[in-house]
Amino acid sequence: MSAGEPLTAKIAGTLCRPRGRDRGVLQVLLPGGGYDRTYWSWRGDPRGPSYVEAMNRAGYATLALDRIGTGKSSAPPSTAFAPDSQTFTIHQVLRAFRHQRIVLVGNSLGSTVARMIAIHHPADVDGLILTGESSTPNWSAFEQLGADYIPATQHPLLAGRRLDDGYGALRPGVRRSWFYYGPAAADQVVARDEANPEPDVFPTDPEFGSVLLNRKIKVPVLVVVGRHDRLICDTGAGGSDCSSSATLLAGERPYYAPNADLQALVVPNTGHVLNLHRTAPALYSLLAQWAQRHL
């Protein structure tokens, strides 16, 4: 769970390789808070591919992971989590695959974990795709979101896991309003999302997520935000300017090194969980093109 500690936990994941041409790049996929690895295999557009399917077709292998405490990964007592456990556990997995190029792809909390790995374990990665995260989020919205968290023991769908109160979860019924842009969200997708909540133990490291560390990132970075992401986009509340990809990039630039290989993309008609919108298939083709150019 942290450097120098005994091996007491396991990380679960699903590795999928292309049937045809393999570009020799592994995309390691990290879901956000409240989600497990299935986030990357759900279809936001029932008629289109999932993220994993789209990237495999484009020639990229994918390794979707359950962060520690979620999905089929170990769920130790919350007191066993060190401040860096969310980062250090993924770092150990990456070392086992370091014979090839690796791009970390995250959503929300998964993007923050990806950034921290690139900062504290720079030899682990060759590129970052950060979705559902920016250097200037809407902190007012995050405070309101925090009020919708309850102990996982109180969630009717999680009570059977016998977790302690250090694990939190979103209360039932609020995912649509926080994570989706209604016109681009299929009812069956939102219903499935609500029916599959995941608990989390959030990092306690005071520097976890600090954008003041971004200047240490030396690999290409793509920041991707949905135009209607309540947790990111609201200049009136100090959030990011998501009116265009250019304005988002301008807001990100000051937080990275002057010579950083940095790009930004605003996805129209999309909320926080980008993969779970009908707009996702069009987004996937753009992400595959970015990976081809930069890796």
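Arg 230 lies over the face of Trp 178, at 3.9 Å from the ring centre, where a charge is taken to sit over a ring if NZ of Lys or CZ of Arg is within 6 Å of the ring centre and within 35 degrees of the ring normal. The charged end of Arg 175 likewise sits over a ring, that of Tyr 35, 4.8 Å from its centre. The model is predicted, so local features need pLDDT of at least 70 and side-chain atom pairs count only at pLDDT 80 or more, while totals for chains, interfaces and linings use all residues. Residues are numbered from 1 along each chain as its sequence is written, and side-chain values use heavy atoms, with hydrogens and water left out.

**Aromatic pairs**

- A pair of aromatic rings is described by the distance of the centres and the angle of the planes.
- Rings of Phe, Tyr and Trp (its six-membered ring) pair if their centres lie within 6.5 Å, with planes under 30 degrees apart counted as stacked, over 60 as edge-to-face and the rest as tilted; by this rule there are eight aromatic pairs.
- Tyr 35 and Tyr 39 make an edge-to-face pair, because their ring centres are 5.6 Å apart and their planes stand at 65 degrees.
- Tyr 39 also forms an edge-to-face pair with Trp 40, at 5.0 Å centre to centre and with 85 degrees between the planes.
- Ring pairs link Tyr 35, Tyr 39, Trp 40, Tyr 51, Phe 179 and Tyr 284 into a cluster.

**Surroundings of Tyr 39**

- Tyr 39 is found in the loop between β2 (25-30) and α1 (51-57), where helices (H or I, at least four residues) and strands (E, at least two) are DSSP runs numbered from the N terminus.
- Not counting residues up to four places away in sequence, Tyr 39 touches Pro 31, Asn 107, Val 273, Leu 274, Asn 275 and Leu 276, a contact being heavy atoms within 4.5 Å.
- The side chain of Tyr 39 reaches the backbone nitrogen of Leu 274 at 3.3 Å.
- Tyr 39 and Leu 29 are ten residues apart in sequence, and their C-alpha atoms are 9.3 Å apart in space.

**Nonpolar cores**

- In soluble globular proteins, nonpolar side chains tend to be buried together.
- A nonpolar core is a set of buried Ala, Val, Leu, Ile, Met, Phe, Trp, Tyr and Cys residues joined through side-chain atoms within 4.5 Å; the largest one here has 42 residues, of which Tyr 51 and Val 224 touch the most other members.
- Helix α8 (residues 280-294) gives the largest share of this core, seven residues.
- Apart from this core lies another, of 39 residues, among them Ile 117, Leu 248, Leu 262 and Ala 264.
- Tyr 51, leaving out residues up to four places away in sequence, touches partners including Gln 27, Trp 40, Ile 129, Tyr 284 and Leu 287.

**Two buried histidines**

- His 155 is placed in the loop between β6 (149-151) and β7 (168-170), and is buried with a relative accessible area of 1%.
- Beyond neighbours within four places in sequence, the contacts of His 155 are Ile 150, Ala 169, Leu 170, Arg 171, Pro 172 and Pro 197.
- His 272 lies in the loop between β9 (262-267) and α8, and is buried with a relative accessible area of 2%.
- With neighbours within four places in sequence left aside, His 272 is in contact with residues including Asn 107, Trp 178, Phe 179, Asp 229 and His 277.

**Val 174 and the cysteines**

- Val 174 is found in the loop between β7 and α5 (175-179), and counts as buried at 5% relative accessibility.
- Val 174 touches Asp 148 and Glu 194, not counting residues up to four places away in sequence.
- A disulfide, meaning a pair of cysteine sulfur atoms within 2.5 Å, joins Cys 233 to Cys 242 with an S to S distance of 2.0 Å.
- The link of Cys 233 and Cys 242 is left-handed, with -85 degrees about the S-S bond, and both residues are buried.
- Cys 16 is partly exposed, with a relative accessible area of 24%.

Methods: Buried means under 20% relative accessible area, exposed over 50%, partly exposed in between (1.4 Å probe, protein chains only). A polar contact is a pair of N or O atoms within 3.5 Å; within protein, one must be able to donate a hydrogen and the other to accept it, and residues adjacent in sequence count only if both atoms are side-chain atoms.
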